[in-house]
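Trainee: I'm new to this one and would like a close look at a single part of it. Could you walk me through it slowly?

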Amino acid sequence: SSSKIVIINETAEVNIKIFRDDLEDDLRLFYSKSISIDNDIKLQNASSEIDAYIQKKFELRINNSKIKLSHFKYNLINDLVEISSSFTYKKDVEEIKIINNILFEVYKIQKNVVFINVEKQSKSHIFSFSDREKTFSY
């Protein structure tokens, strides 16, 4: 999976991309039932399940305050699911902490990449099974 967090002028956007079949596999483990998201209608029908999954598997903290990601928008682009959320953040960003557990139940060799851009300062990190947390200082 890949994630992008952009914070500019008090507006923050989080964008997560996951291959559809991988997400279906992890949702199956997470809910102990099969959830198909191979078209836009099925994707929208499963949105509450995916919301809860993302909120559990992807944690974002800014200046040690947990950000509750919500009001997700979903887009199915070929075999990729794009999940996005935006929020307002009015304080100066000193630190961003990410805990990324997406797909690690399915794939022990999974790699999750995050790109962060805060007021045009770019940073990135590759998460792995044994490296799921990262704090970025600004």
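Trainee: Which residues of strand 8 are on the covered face, and which are on the uncovered one?

Mentor: Happy to. Keep in mind that this is a predicted model. Strand 8 covers residues 112-118. On the covered face you'll find Asn112, Val114, Ile116 and Val118, while Val113, Phe115 and Asn117 make up the uncovered one.

The open sheet has six strands in the order 5-6-2-1-8-9, and the pairing is mixed. Strand 5 (73-77) and strand 9 are the edge strands, each with a single partner, so one side of each has no neighbour in the sheet. From one strand to the next, the twist averages 15°.

On one side of strand 8 is strand 1 (residues 2-8); the two run parallel and are joined by six bridges.

Asn112 has Phe127 of strand 9 as its bridge partner. These two strands form a hairpin with two residues between them, and Glu119 in that turn has a positive phi of about 45°.

While you're on strand 9 (residues 121-127), have a look at His125, which sits in it. His125 has a relative accessible area of 16%, so it counts as buried, the cut-off being under 20%. Leaving aside residues up to four places away in sequence, His125 touches Asn112, Val113 and Val114, along with Asp131, Lys134 and Phe136. With Asp131 there is also a polar contact, side chain to side chain, at 2.9 Å.

Strand 5 pairs with strand 6 (residues 80-88) in the antiparallel sense, over five bridges, and Asn75 stands opposite Glu82 of strand 6. Helix 1 (residues 20-31) lies across strand 2 (11-19), strand 5 and strand 6, at about 90° to strand 2. Helix 3 (residues 47-57) lies across strand 2, strand 5 and strand 6 as well, running at about 105° to strand 5.

Notes: Residues are numbered from 1 along each chain as its sequence is written. This is a predicted model: local features need pLDDT of at least 70, side-chain atom pairs count only at pLDDT 80 or more; totals for chains, interfaces and linings use all residues. Side-chain values use heavy atoms; hydrogens and water are left out. Helices (H or I, at least four residues) and strands (E, at least two) are DSSP runs, numbered from the N terminus. Buried means under 20% relative accessible area, exposed over 50%, partly exposed in between (1.4 Å probe, protein chains only). A polar contact is a pair of N or O atoms within 3.5 Å; within protein, one must be able to donate a hydrogen and the other to accept it, and residues adjacent in sequence count only if both atoms are side-chain atoms. Contact means heavy atoms within 4.5 Å. Two strands pair if DSSP finds at least two bridges between them. Axes are lines fitted to C-alpha atoms, for helices over the stretch in contact, and angles run from 0 to 180 degrees between N-to-C directions.
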